[in-house]
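User: I would like to learn how to read a few local features in a model. Could we take them one at a time?

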Amino acid sequence: MQVSVDRDRCCSSGQCVRTAPEFFDQDDRDGLVRLRATAPAPAQFADVRLAAELCPGGAITVAEAGGGAGGAGGAATDAA
């Protein structure tokens with residue numbers, strides 16, 4: 001699984017951080033989503049998928065192994 005975020009679509013709701021705080025963060029300057037990593041551990045898969053589904057801006061993209069994609073959003077990754 002690979003995860004990317006489109007900060008242009010992020011509306012700073014924080015749903016991702018509440019759902020998977022070990023994987024997502026919010027920038028202190030603008031409140032936009034930040035990834036702590038681009039590839040979650042298997043134990044994080046369910047929470048990361050849920051965060052993508054709950055994202056009101058559709059800013060999180062989840063690409064499953066094998067080429068399928070889940071979630072919504074663009075492909076720009078901010079792995080800071």
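**Reading local features**

Analyst: This is a predicted model. Helix α2, residues 45-54, has V48, A51 and A52 as its buried residues.

User: How do the buried residues of α2 fall when seen down its axis?

Analyst: They fall within an arc of 100 degrees, so the buried residues line one face of α2.

User: Which residues are exposed on the other side of α2?

Analyst: A46 and E53 are exposed there.

User: Next, aromatic rings. How many aromatic pairs does a search of the whole structure find?

Analyst: The search finds one.

User: Are F23 and F24 buried or exposed?

Analyst: Buried means under 20% relative accessible area. F23 has 2%, so F23 is buried. F24 is at 0% and therefore counts as buried.

User: Now a loop residue. Where does G31 lie?

Analyst: G31 is in the loop between β2 (24-26) and β3 (33-35). Its relative accessibility is 18%, so G31 also counts as buried.

User: With which residues is G31 in contact, leaving aside its neighbours within four places in sequence?

Analyst: G31 is in contact with S12 and Q26. Contact here means heavy atoms within 4.5 Å.

User: And how far apart are G31 and G14 in sequence and in space?

Analyst: They are 17 residues apart in sequence, and their C-alpha atoms are 8.2 Å apart in space.

How values were computed. Residues numbered from 1 in each chain as written. Predicted model: local features only at pLDDT ≥ 70, side-chain atom pairs only at ≥ 80, totals over all residues. Heavy atoms only, no water. Buried < 20%, exposed > 50% of the residue type's maximum accessible area, 1.4 Å probe, protein only. Helix = DSSP H or I, 4+ residues; strand = E, 2+ residues; numbered from the N terminus. Arc of directions from axis to C-beta. Phe/Tyr/Trp six-rings, centres within 6.5 Å; stacked < 30°, edge-to-face > 60°.
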